[in-house]
Amino acid sequence: MLLIDDPENILFAQFQNKNINNINKITGANANNSDTDMELLYHFPLRWDGGSVTGWKLNQNQIKSVSDILKSFCDTREQARKYGVEDNAPPLLFAVGDGNHSLATAKQCYENLKKLVEIVNLHDNALKFEPIHRYLYNINPEQVLQEFFKAYPNAYFDKNKNNNIINPETHVIKCLYQQREEDIIIPNPTAQLAVGTLQIFLDDFIQKYGGEIDYIHGDDVVRDLSKRPDSMGFLLPPMEKDQLFKTIIKDGVLPRKTFSMGHAQDKRYYIEARKII
């Protein structure tokens, strides 16, 4: 899956509305859509109130249109305007992540079969970014906090709980331990994302002092685990979609387990599969 940053949905809008309006009129697997001049490849319902899935084959003019639009996204001047970076920064067209698999393996599979690619607009309403939180155990929470404030001497607890008025460039991370919940404020961070600020510290701490780390989905799960002795949790804010490309351009590869694309309930279907040798 390759993500593109297309907040105005320029690429897919040229196809979507006409397809949606005509989908109920189509019954045959090999039918053609006269309005869009695209061949219908498949259309079938999903189980468990999952809606339906439809696949269309683009004609040659539409393929050229897709190619031209993708090329326009690579304009370095437009990228500089969009992300606030230097106009000579290398263009970033696609973002790809390894998820729970090896990115190196996925890349080799892609090299073996480059025609198998799924382009997804990261701003699509069906694509949800969910935070992945951190849970530490076999540690002393007080020591973790002491070392954290040494690593980030400008950081502090938000005693007034007024982080909603803090500068948006400031990172806010919720810390849970010993039946307590505290908001940690990190002004003027060097990393683009709060998860980057936190992960840099956690990796260094565990290397020096030991302990274990788990990556947890769901606020309630972290809250329950953090009630255990010698443990603590960190709740991270969700990553905004417009931060993804900007962060990669400025910081490089994202920290591991930065975000999840949807909940488990949203990942019930694997529609297409193809053997790669």
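This is a dialogue on how to read the features of a predicted model.

Colleague: What kind of model is this, and how are its residues numbered?

Modeller: Residues are numbered from 1 along each chain as its sequence is written. The model is predicted, with local features requiring pLDDT of at least 70 and side-chain atom pairs counted only at pLDDT 80 or more, while totals for chains, interfaces and linings use all residues; side-chain values use heavy atoms, with hydrogens and water left out.

Colleague: What is the mean pLDDT of the chain?

Modeller: pLDDT is the predictor's confidence in each residue, from 0 to 100. Here the chain mean is 80, and 79% of the residues reach 70 or more. Helices (H or I, at least four residues) and strands (E, at least two) are DSSP runs numbered from the N terminus.

Colleague: Over which residues is the pLDDT below 50?

Modeller: Over residues 19-35. A contact means heavy atoms within 4.5 Å, and beyond near neighbours in sequence this stretch has 26 contacts in the model. Where pLDDT is low, the predicted coordinates should not be read in detail.

Colleague: How many helices and strands does the chain have?

Modeller: There are eight helices and 13 strands. For contacts in the chain with a separation of 6 or more, 67% are between residues 24 or more positions apart.

Colleague: In what order do the six strands form the open sheet?

Modeller: Two strands pair if DSSP finds at least two bridges between them. In this sheet the order is S8-S10-S9-S12-S7-S11, with antiparallel pairing. The edge strands, each pairing on one side only, are S8 (156-157) and S11 (212-216).

Colleague: Which strands does helix H6 touch?

Modeller: Helix H6 (residues 194-209) packs on the sheet and touches S7 (133-137), S9, S10, S11 and S12. Axes are lines fitted to C-alpha atoms, for helices over the stretch in contact, and angles run from 0 to 180 degrees between N-to-C directions. The direction of H6 makes about 20 degrees with that of S7.

Colleague: How many bridges join the neighbouring strands S9 and S10?

Modeller: Seven bridges join S9 to S10, and the two run antiparallel; within this pair, His171 stands opposite Ile186 in S10. The two strands form a hairpin with two residues between them, and Gln178 in the turn has a positive phi of about 50 degrees. Strand S9 (residues 171-177) is also joined to S12 by three bridges, again antiparallel, where Leu176 stands opposite Gly233. S8 and S10 pair over two bridges, with Tyr156 opposite Ile185.

Colleague: What percentage of the residues count as buried?

Modeller: Buried means under 20% relative accessible area, exposed over 50%, and partly exposed in between (1.4 Å probe, protein chains only). Of the 277 residues, 35% count as buried. Five of the seven residues of S10 are buried, so this strand is largely enclosed by the rest of the structure.

Colleague: How many salt bridges does the structure hold?

Modeller: Side chains of opposite charge can pair when their charged atoms come close. A salt bridge is a side-chain nitrogen of Lys or Arg within 4 Å of a carboxyl oxygen of Asp or Glu. The structure holds ten. One of them joins Glu181 and Arg223, with the closest N and O atoms 2.5 Å apart. Glu181 lies in S10 (residues 180-186) and Arg223 in helix H7 (residues 219-225), so this pair ties together parts that are 42 residues apart in sequence. Glu181 is partly exposed at 34%, as is Arg223 at 26%.
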